[in-house]
Amino acid sequence: MKAVPVWLRYTLLRVLLFAAPLIVLLIAGVSPWISVLVAALFGFSASLLFLRRQREEFASDLYATRRRETRTARDDADAEDGAVDASEQRPSE
């Protein structure tokens, strides 16, 4: 079985940290606007406190992905520069 991607796991945990208090507050009869605000504050604070490892894994995975894409573009540019340099060094007939 494949492991769940880091970004998906982090996103689901963040949504859960928002949705759980929201549902509890709405069931308790608190006004919807206040419920959303309190749930958002709780979700933000709890994710900062409890999801540090997941956030760091997500950031390093994102960094590795972006670095891999940038390197490929650089290799492509180097190949094009080499072709241009080679064509300029040919003696003209």
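Reader: Why is Ile-34 called partly exposed?

Author: The relative accessible area of Ile-34 is 48%. Buried means under 20% relative accessible area, exposed means over 50%, and partly exposed lies in between, with a 1.4 Å probe and protein chains only. Ile-34 therefore counts as partly exposed. The model is predicted: local features need pLDDT of at least 70, side-chain atom pairs count only at pLDDT 80 or more, and totals for chains, interfaces and linings use all residues. Residues are numbered from 1 along each chain as its sequence is written, and side-chain values use heavy atoms, with hydrogens and water left out.

Reader: What makes Trp-33, Ile-34 and Val-38 a nonpolar patch?

Author: Patches are made of residues with over 30% relative accessible area and no salt bridge, and nonpolar side chains (Val, Leu, Ile, Met, Phe, Trp, Tyr) are joined within 5 Å, like charges within 9 Å. A salt bridge is a side-chain nitrogen of Lys or Arg within 4 Å of a carboxyl oxygen of Asp or Glu. Trp-33, Ile-34 and Val-38 form such a patch on the surface, with about 360 Å² of accessible area together. Accessible areas come from the Shrake-Rupley method with a 1.4 Å probe, and for residues only the protein chains shown count as cover.

Reader: Why is Ser-47 counted as buried?

Author: Ser-47 has 2% relative accessibility, so this residue counts as buried. Ser-47 is found in helix α2, residues 32–50, and Ile-34 lies in helix α2 as well. Helices are DSSP runs of H or I with at least four residues, strands are runs of E with at least two, and both are numbered from the N terminus.

Reader: What makes the pair of Ser-47 and Arg-14 a polar contact?

Author: A polar contact is a pair of N or O atoms within 3.5 Å; within protein, one must be able to donate a hydrogen and the other to accept it, and residues adjacent in sequence count only if both atoms are side-chain atoms. The side chains of Ser-47 and Arg-14 make such a contact at 3.5 Å. The Ser-47 side chain also reaches the backbone oxygen of Phe-44 at 2.8 Å.

Reader: Why is Glu-88 called exposed, and why is Glu-56 called partly exposed?

Author: Glu-88 has a relative accessible area of 59% and is therefore exposed. Glu-56 has 44% relative accessibility, so this residue counts as partly exposed. Glu-88 is placed in helix α3, residues 52–89, and Glu-56 is found in helix α3 too.
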